[in-house]
Number of protein chains: 2
Amino acid sequence: MKSVKIVSIGTEVLMGNILNTNTYYLANELSMMGFVIYHHETVGDNRQRIENTLINSLNENDIVITIGGLGPTEDDLTKEVASKVTNRKLELNEDVKKHIEKYFLETKKACKSTYEMNTALIPVGSKLIENANGTAPGIIIEYNNKVLILLPGPPLELKYIWENGMKEYLISLNDTAIVSRTLKLCGIGETLVEEKLFDIIDNQNNPTIAPYAKTGQVHLRLTANGKNTIECNNLLDTIEQKINSIVGEYIYTNDVNETLESIIIKKCIDNKLTLSVCESITGGLLSHTLTNVPNASKVFKEGIITYANESKVNSLNINKDIIEKYGCISSECCYNMALELYKKTSTNITISTTGNAGPDGMERKKVGLVYIGICINGKVDVKEFNFVGTRDKIKELTVVNALNFARETICKFY
Amino acid sequence: MKSVKIVSIGTEVLMGNILNTNTYYLANELSMMGFVIYHHETVGDNRQRIENTLINSLNENDIVITIGGLGPTEDDLTKEVASKVTNRKLELNEDVKKHIEKYFLETKKACKSTYEMNTALIPVGSKLIENANGTAPGIIIEYNNKVLILLPGPPLELKYIWENGMKEYLISLNDTAIVSRTLKLCGIGETLVEEKLFDIIDNQNNPTIAPYAKTGQVHLRLTANGKNTIECNNLLDTIEQKINSIVGEYIYTNDVNETLESIIIKKCIDNKLTLSVCESITGGLLSHTLTNVPNASKVFKEGIITYANESKVNSLNINKDIIEKYGCISSECCYNMALELYKKTSTNITISTTGNAGPDGMERKKVGLVYIGICINGKVDVKEFNFVGTRDKIKELTVVNALNFARETICKFY
């Protein structure tokens with residue numbers, strides 16, 4: 001397997017002015033393609049530091065991909081340094097020159113003559129990949145059995161070059177296949193997952209199994225390595241079966257693109273069910289999460305955020321006595337929120353949340369005490385949770401657990 | 001000025017499974033505080049490579065901050081390697097042990113004895129910063145006039161530690177004074193801001209002026225450099241006055257901690273006003289943004305997400321004829337959403353949103369067409385917007401503009 005290092009060049013990334021989404025995108029693509037990545041690095045617009053970074057990176061890796069610093073201005077140093085490091089001259093490339101002239105004509109910007117044409121200076125002997133979203137092409141320099149690739153920084157330009165030639169070029173360098181699969185678990189902590197799977201994880205190097213803790217969830221990433229994708233998928237099927245036999249009850253999907261909310265929306269669409277939500281503690285985050293799924297509008301009827309007690313009584317018809325007797329942060333109130341919303345909207349499934357996210361105690365109830373209710377065709381079930389963390393974390397945990405509780409309940413009936 | 005390097009440790013970042021938002025956050029904080037950053041690096045869960053990275057990083061920088069690898073499992077190697085590199089032992093820390101026991105007790109998870117207690121193994125002589133959102137504390141190792149700082153990877157834990165002691169510790173290491181101030185603008189684009197301020201930005205190196213485009217907003221970060229904070233603040237006052245005279249009408253705060261939503265909530269508390277929200281296009285995101293402000297419960301009465309037309313008619317009493325004649329994505333519908341919510345809840349201020357976030361057209365209305373309504377004591381005002389972008393971006397732009405419209409309206413009357 002060939003190793004690749006990703007080097008981001010630019011003071012803006014270094015100082016935290018922009019989020020490095022390019023490295024995330026390329027790293028994911030490259031690891032899915034079966035390349036090994038040992039390091040990412042970010043370095044500012046400084047000639048000497050870029051040079052040191054490129055020399056070290058080429059020594060330690062088969063392939064180095066730089067991002068950024070290909071523009072025409074003085075602080076764009078990548079091509080200059082790359083030429084020096086690989087012992088070749090920079091020369092005006094006629095094809096790139098024509099592309100730049102055409103690009104400026106089409107976007108109706110005046111071309112700043114020689115200045116703008118710095119972008120057309122290319123290390124001699126490079127292979128080029130065209131950039132339809134900008135002026136700087138992708139540059140491939142093959143040198144001493146190593147490959148140095150230069151990509152522009154704007155994400156739309158980088159992606160265009162990647163998808164229109166660069167990815168294909170890299171596939172041609174590859175000798176093995178690698179396939180990954182992600183199992184997503186909810187309702188169990190990372191430590192317990194690892195304990196239960198200890199023997200499998202420990203005795204296993206192909207596929208490898210890597211557990212990742214998310215807020216309220218654990219994801220297991222399985223990565224297999226083989227001659228071709230069929231061989232990889234066979235290896236993955238075998239290990240997935242083993243894992244399923246141990247923690248299967250917590251696994252809600254093996255599709256990396258599925259989420260708790262997308263499963264709920266899909267289940268509702270398939271079974272012609274409608275969905276409404278009544279939130280107190282989550283303040284809109286649960287509705288936002290659900291309505292963010294494309295096509296949510298086909299099943300999501302109404303959300304109501306009864307933040308004030310008054311709103312619970314007037315808009316949702318919760319009995320005043322219940323609030324006075326048990327408080328809003330109670331199983332009884334949560335039960336009635338789900339039930340009254342069902343009565344009011346005639347929705348098949350309603351979800352309710354109430355609790356204390358802090359920072360201060362309310363109704364003498366502890367910070368982190370949360371109730372989640374699900375009403376399915378008039379039958380209500382309520383669960384109590386005790387979460388620990390900041391206001392944000394408690395809200396997020398409430399949303400994840402409400403979604404999982406809803407998913408389980410819907411799957412039980414449909 | 002002291003130099004800092006940020007080192008992310010973890011195969012999931014390396015392979016592009018998670019976006020490195022931690023480095024972005026820390027880099028931004030550190031450069032605001034006046035530290036110099038020459039490099040970021042990411043390395044996987046591999047003992048030898050982590051060791052090499054730490055040794056090189058400490059050689060070349062005053063301060064090294066690692067992110068990740070502090071958990072209890074076998075692939076969490078950061079503390080082990082950091083101890084080796086700084087020549088000290090790992091020992092069970094009683095305070096951390098107690099914190100972990102308490103944390104697990106509160107979250108009702110059984111503490112898995114010795115295994116989970118790996119998190120309490122701390123390099124001898126370290127300073128610790130507590131983590132209320134998890135088990136692993138922030139660790140400070142002072143070694144040979146250098147500082148090695150270890151932070152956990154989950155963003156909520158990292159931020160908690162940063163804001164509750166780590167930032168303060170780093171400020172104490174700083175030798176010159178650097179003070180930053182952020183002017184936040186809404187209702188004007190980045191290019192226009194730069195054009196209007198071109199002369200000031202170009203002729204200025206202390207304070208420096210850096211414009212950052214946010215979704216629907218522009219932030220101007222002014223950074224002054226001086227002997228002490230008084231000198232810095234005087235420099236900042238002068239430049240802020242100049243900027244105010246040119247784009248003052250768009251500036252809504254010069255306090256980095258203030259947001260559009262926090263200003264609205266404060267204004268409502270100060271003037272004893274109540275607030276309710278009726279959302280269609282934003283699906284809960286507007287209520288979530290407002291209720292995320294601490295103390296929002298003092299003024300926020302009710303949110304209602306009338307996603308289905310039926311819900312607009314039944315729960316909000318919108319006239320069916322209006323929806324049939326103009327559609328839901330119309331100024332008329334938006335007007336009535338704000339008005340009917342006011343009538344129903346007797347809230348001083350109501351905000352309504354309706355529009356098409358895409359991906360497909362609806363009611364033959366263009367993707368990006370959005371209406372926002374504000375009702376203040378019964379008087380409604382509606383604005384039309386045409387946004388460009390993906391579904392997420394259009395929803396975010398709607399929320400930002402709704403907040404700004406509400407802020408402007410409230411400030412006009414109170």
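User: I'm looking at B:Lys301 and A:Glu310. What do they form, and how far apart are the closest N and O atoms?

Analyst: This is a predicted model, so keep in mind that we're reading a computed picture. A salt bridge is a Lys or Arg side-chain nitrogen within 4 Å of a carboxyl oxygen of Asp or Glu. Here B:Lys301 and A:Glu310 make one, with 3.0 Å between the closest N and O atoms.

User: How many salt bridges are there between chain B and chain A?

Analyst: The count is two.

User: Let's do strands. How do S14 of chain A and S14 of chain B run, and how many bridges join them?

Analyst: They run antiparallel, and five bridges join them; each strand covers residues 300-306 of its chain. To see this by eye, find A:Gly303, then look opposite for B:Ile305 in S14(B).

User: Which strand order does the whole sheet have?

Analyst: Read it across: S17(A)-S16(A)-S15(A)-S13(A)-S14(A)-S14(B)-S13(B)-S15(B)-S16(B)-S17(B). That's an open sheet of 10 strands with mixed pairing.

User: Why is one side of each S17 strand left without a neighbour in the sheet?

Analyst: Both S17 strands, residues 379-386 in chain A and in chain B, stand at the edges with a single partner strand each, so one side of each has no neighbour there. Going from one strand to the next, the twist averages 10°.

User: Which strands does helix H13 of chain A lie across?

Analyst: H13, residues 309-316, lies across S13 (275-279) and S14 of chain A, along with S14 of chain B. Relative to S14(A), the helix runs at about 140°.

User: What does A:Asn356 touch, leaving out residues up to four places away in sequence?

Analyst: Its contacts include A:Ile281, A:Ile329, A:Met362, A:Leu369 and A:Ile394. A:Lys365 is another one of them, and the A:Asn356 side chain reaches the backbone oxygen of A:Lys365 at 3.3 Å. For A:Val85, by contrast, the C-alpha to C-alpha separation from A:Asn356 is 59 Å, and the two are 271 residues apart in sequence.

Methods:
Residues numbered from 1 in each chain as written. Chains lettered and ligands numbered in written order. Predicted model: local features only at pLDDT ≥ 70, side-chain atom pairs only at ≥ 80, totals over all residues. Heavy atoms only, no water. Pairing = 2+ DSSP bridges. Helix = DSSP H or I, 4+ residues; strand = E, 2+ residues; numbered from the N terminus. Axes fitted to C-alpha atoms, helices over the stretch in contact; angles between N-to-C directions. Contact = heavy atoms within 4.5 Å. Polar contact = N/O pair within 3.5 Å; in protein donor to acceptor, adjacent residues only side chain to side chain.
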